[in-house]
Amino acid sequence: MGLRNSVVVVTGASSGIGRATAKAFAKEGCTVVLAARREHALRAAAGECERYRGARTLVVPTDVTDNQEVAWLAHRALEEFGRIDVWVNSAAVTVFGPFQEVPLRDLRTVLDVNVLGTVHGARSALRAMREQGHGTLVNVSSVVGQVSQPYTHAYGMSKTAVRSLGGSLRQELRLAGEKTVHVCTVLPATIDTPLFQQGANYTGHRVRAMPPVYSPERVAKAIVGLAQRPRREVVVGPAGRSLVRDARCAPGRTERLMARQFARRHLSRKHTAAPSHGNLYTPAPGAGEVHGGWGGRRRTALRRAALAGAALACVAAAARRK
């Protein structure tokens, strides 16, 4: 369907996937409501959106962990534009570190933002969409919601929960016979965003984006596609799709692969890092960025070989089951 003049709410719109998504919808001629903690960064993002076909924007500073603030976000969108056609839950934070060295407060904060933030957004979005009789809710999960990795326990748990929530909501809508309200889940692979620099870190090493790295615009394109033609779930990035397939048929091997790859590719061996809360409690300064400076899409020979090995293991496992 055409999206022009649709009203789209995006949380986490100050940077990364959220900001790229807001711009992508603006490019389609949509009205975009931008939400995040940083008003200055939101206004910068709104200015970028308004360059496309004179797209209208509304900036609503929002802490997604506060249900009242999220309810106010929905109220402002409805008050200003009369409806909410698409709602994208993209706000997320993370913490890196050995399980017993990550402060429990930090772990709780990641779950509060990523899980309860999505819950708060979903409740407000679905309330409006069910009343108006249509709409699409898009929740941003992650490949690590299906394929675990070490030292990101809170993030992995949160993204698994987001994926599970999407399935449950779809089931409820089906049972209620509401065929014009849709819930979609996006599972990106490694994306070039500031998340890795801004995350809390207790590993003792600088965190890098693990290749192959895909652009935020690629995820934004997938989200726009879901608004046009809703689907249950979409994995973004060929490497992510390969990992999800491999985890289903060779889970043990894929688990070992991810552990090795994280240690080799995700943590810098040359650069140390002091313990930090990152942006968990105080938003990063500045006007925000879409990209994190990790390049568009990088694939190493090691990564290709590892994925090929996992694929062969999958084939072998399937052959043994015959």
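Predicted model: local features only at pLDDT ≥ 70, side-chain atom pairs only at ≥ 80, totals over all residues.

Author: Residues are numbered from 1 along each chain as its sequence is written, and side-chain values use heavy atoms, with hydrogens and water left out.

Reader: What is the volume of the second largest pocket?

Author: Rolling a probe the size of a water molecule over the atoms shows where empty space is left. On a 1 Å grid over the protein atoms alone, a cavity is a set of points where a 1.4 Å probe fits but cannot get out, and a pocket is an open set with protein on both sides within 12 Å along at least five of seven lines; lining residues have an atom within 4 Å of a point. Grid points are joined across faces, edges and corners, and a volume is the space filled by probe spheres set on the points. Here the second largest pocket has a volume of about 290 Å³, and of its 13 lining residues the closest to the centre are Arg170, Arg174, Glu178, Val181 and His182.

Reader: Which residues line the largest cavity?

Author: They are Val95, Gly97, Val102, Leu107, Tyr151, Thr152, His153 and Ala154, around about 30 Å³ of space.

Reader: Is Ala274 buried or exposed?

Author: With buried meaning under 20% relative accessible area, exposed over 50% and partly exposed in between (1.4 Å probe, protein chains only), Ala274 is exposed at 58%. Its C-alpha atom is separated by 6.1 Å from that of Gly204, 70 residues apart along the chain.
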